[in-house]
Amino acid sequence: MTPSDTSSSTPSDGISSALVLLFAFCCGAIVANVYYSQPIINMIAGDIGLSESSASLIVALTQGGYALGLLFLVPLGDLLENRRLLITTILISAASLVLAGLADAPSSFLLWSLLIGVSSVSVQILIPLAAHLSAEQSRGRVVGNIMSGLLLGILLARPASSLLADHFGWRCIFFVGAALMLLVGGVVWRVVPSRQPRHTSSYPALLKTLGKLLRDEPVLRRRSLYQGLMFAAFSLYWSAVPLELVNEHGFSQTQVALFTLVGVLGAVAAPISGRLADAGHTSIATVGTLVLASASFATGLMPMTLQVVALAMTGLLLDFAVQTNMVLGQRAIYSLDPESRGRLNAIYMTSIFVGGAIGSALTSLIYAHLGWNGIMAIGGALPLVALAWLLVSRSRSQDEASPTTD
């Protein structure tokens, strides 16, 4: 089958199950690039001469680069032929990963980390493309299933990175990631249907519409705020927990890798949340996820003898809540304007990774001055801010009763 043949294999009433599975695999493999460095920042920092207090900059710049890519590259999905754009960004990811693996100075490694983040946004071009190919009545389910692959990529990237770093050195994971990108590029070229958007405006004109969409779509503003705060808590926890496990519990990188596998169980949230959204339960499910995310940090109150168990419980519950809320938000914004899905997704995901970058950047500072209790207190407060905003917004507008307006 040639690339041009694939669109004909998709059922007229939606996207095929095989294509959903391939989209999920590609999304997981691509987004993993952003998370490889997270559990091994101390190893990398020590080897390239970066101070321990600045180690979290590695994660912050990668996530910040992702946010930049979301803002400036993902809107191109509404303007340029999607498959060609995907392949270009995937190849840039492969090159950036190789160069990061070869870097021996802080400045060069941080530069390539930024570019890894920027180029990995191809995953956010794939997801709106899947939404375009899906039937309206099953769009939440399709997006949820693909998000399972993406979220598994996020969650498996950390243990894979820790294991390879422990046995083969930290550079190995970047070379493995580059090889995986070449494989994904081949899959995209082979199976992803070609799609030429209808927009004919210029790139600057397209970017100008981002502000208009944000101004005119209150649903987009709310969902972006909710998930940005949730992802700040998520990044704060997962950037700090390897430090706590190594410093306070004497874990090796392999043990950290095994610990982080607990988060994989949270990936079951994505298809569940997609079905909840399709069934019209977005509103109540959103409240539930915000409460659960905040409550997950209360495990820090458990006695010291059970602290590792408490850390695992926080990771599991937090991942479940964050992933559920992300899919609920995507289902809501994809229902706003089919021809603007790339830009809507760009704004939504930019807010998420800005939140993630801020959470990661503050991790070292909070951990150094307030310790693990400070991480738990601030992490638990962030979803409560989102919940307060939701309740205030709901009291002002009856629109919240609609499953697509939360």
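Tutor: Let's start with handedness: a crossing is right-handed if the near helix is turned clockwise from the far one by less than a right angle, and left-handed if anticlockwise. By that rule, H7 passes H8 in a right-handed crossing. Keep in mind that this is a predicted model, where local features need pLDDT of at least 70, side-chain atom pairs count only at pLDDT 80 or more, and totals for chains, interfaces and linings use all residues. Residues are numbered from 1 along each chain as its sequence is written, and side-chain values use heavy atoms, without hydrogens or water. Helices here are DSSP runs (H or I, at least four residues), numbered from the N terminus.

Now the geometry: helix H7 covers residues 123-133, and its axis comes within 9 Å of the H8 axis, crossing at roughly 155°. Those axes are lines fitted to C-alpha atoms over the stretch in contact, with angles from 0 to 180 degrees between N-to-C directions. H7 and H8 are therefore roughly antiparallel to each other, a label for angles over 145 degrees.

Arg139 counts as buried because its relative accessibility is 5%; buried means under 20%, exposed over 50%, and partly exposed in between, with a 1.4 Å probe and protein chains only. The C-alpha atom of Arg139 is 29 Å from that of Val392, 253 residues apart along the chain.

For contrast, look at Val98 in helix H5: at 33% relative accessibility, Val98 counts as partly exposed.

Notes:
Helix = DSSP H or I, 4+ residues; strand = E, 2+ residues; numbered from the N terminus. Parallel < 35°, antiparallel > 145°, perpendicular 65-115°, else oblique.
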